[in-house]
Amino acid sequence: FTPSPALRLIPSVRIAYFTEINRVTVSPRVSFRVRAAPSWWIKGGVGLFTQPPQFEQTLDTPNVASREGQRVGNPNLRPQRAMHYGLGFEHDFTPQISLSVEGFFRSVEDLVAQPGDQRALIPYVNSGASRAYGMELMLRHRPGTRFFGWIAYTLSRSIIRARPGEPYDLSDFDQTHILTAVANVRLGRGWEVGARFRFVSGVPDALLTGTLYNADTWVYVPFFEPVASSRVPAFHQLDLRVDKTFTFRHWTLGLFLDVQNVYNHANAEFTAYSFDYRQRGVTRGLPILPSLGIRGEL
């Protein structure tokens with residue numbers, strides 16, 4: 001809707017049915033954009049988002065490893081709900097170059113979590129909650145005759161708790177700093193080169209304080225510090241791509257070389273343990289990965 005030339009409203013609604021838990025959700029959302037001055041915009045939005053539990057969390061079958069009638073999952077779980085809020089501004093320096101600054105906040109309720117009692121017959125309940133907040137800055141050069149690209153930086157915090165009354169801890173997915181730079185140049189005669197660089201803070205990595213063997217379920221139960229004491233090393237990677245396009249009368253033929261992780265950095269993904277938690281290791285991401293491709297378009 002455009003009530004005035006300076007105001008644009010975009011309302012929407014998403015209706016979803018989740019078969020595993022037999023639930024229907026209705027998620028309304030609205031975003032807006034207001035021209036505050038000839039080259040200044042104020043923008044924002046608010047919306048409800050829902051997500052079903054994982055499939056295995058809803059299985060209504062006995063746990064064969066349990067001797068007390070425990071179930072594998074809980075078919076009566078509710079969908080997880082998240083309210084998203086965003087507010088910021090955008091400034092056009094030129095028709096091609098713009099700066100966008102935006103703050104965001106997300107509140108999640110009915111998060112699926114374990115009840116905290118190892119002998120509970122129902123292993124999952126909707127007792128968890130989480131919060132995420134921060135800001136994003138983006139300097140962008142819109143696609144032009146030869147060049148487009150952007151630099152984006154996000155500062156964020158993600159916290160979570162499993163049960164009401166407990167303190168919030170850092171989420172396993174908390175990433176304080178996220179930096180992305182993308183550039184693409186058309187050289188002419190069908191040649192095009194592009195690059196992408198990413199830097200992301202490592203996720204929290206809590207210190208293991210001990211383990212306990214549960215004879216009822218035949219597994220080792222780990223105990224970690226309540227607040228993450230360290231982090232996985234930061235992720236950083238450079239990707240390069242070269243394209244060559246041949247244009248014919250009725251079709252085009254494209255060849256490309258794409259190289260991910262050009263300098264072959266051994267990025268740490270997460271910490272892994274042996275079944276009894278006596279051995280600790282780090283799982284690494286992909287090494288340098290070149291790929292050649294061909295594409296035809298009519």
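1. A surface patch, as the term is used here, is made of residues with over 30% relative accessible area and no salt bridge, with like charges joined within 9 Å and nonpolar side chains (Val, Leu, Ile, Met, Phe, Trp, Tyr) within 5 Å; a salt bridge is a side-chain nitrogen of Lys or Arg within 4 Å of a carboxyl oxygen of Asp or Glu. Phe246, Phe248, Trp251, Leu255, Ile294 and Leu298 form such a nonpolar patch, and together they have about 660 Å² of accessible area (Shrake-Rupley method, 1.4 Å probe, with only the protein chains shown counting as cover for residues).

2. The model is predicted, with local features needing pLDDT of at least 70 and side-chain atom pairs pLDDT 80 or more, while totals for chains, interfaces and linings use all residues. Residues are numbered from 1 along each chain as its sequence is written, and side-chain values use heavy atoms, leaving out hydrogens and water.

3. The protein chain has 19 strands and zero helices (DSSP runs numbered from the N terminus: E of at least two residues for strands, H or I of at least four for helices). Its C-alpha atoms fill a box of roughly 70 × 50 × 40 Å along the principal axes.

4. Leu298, one of the patch residues, lies in the segment after β19 (289-297) and is exposed, with a relative accessible area of 95% (exposed means over 50%, buried under 20%, partly exposed in between; 1.4 Å probe, protein chains only).

5. Asn184, in strand β9 (residues 177-188), is by contrast buried, because its relative accessible area is 11%. Its side chain makes a polar contact with that of Glu192 at 2.6 Å (a pair of N or O atoms within 3.5 Å; within protein, one must be able to donate a hydrogen and the other to accept it, and residues adjacent in sequence count only if both atoms are side-chain atoms).
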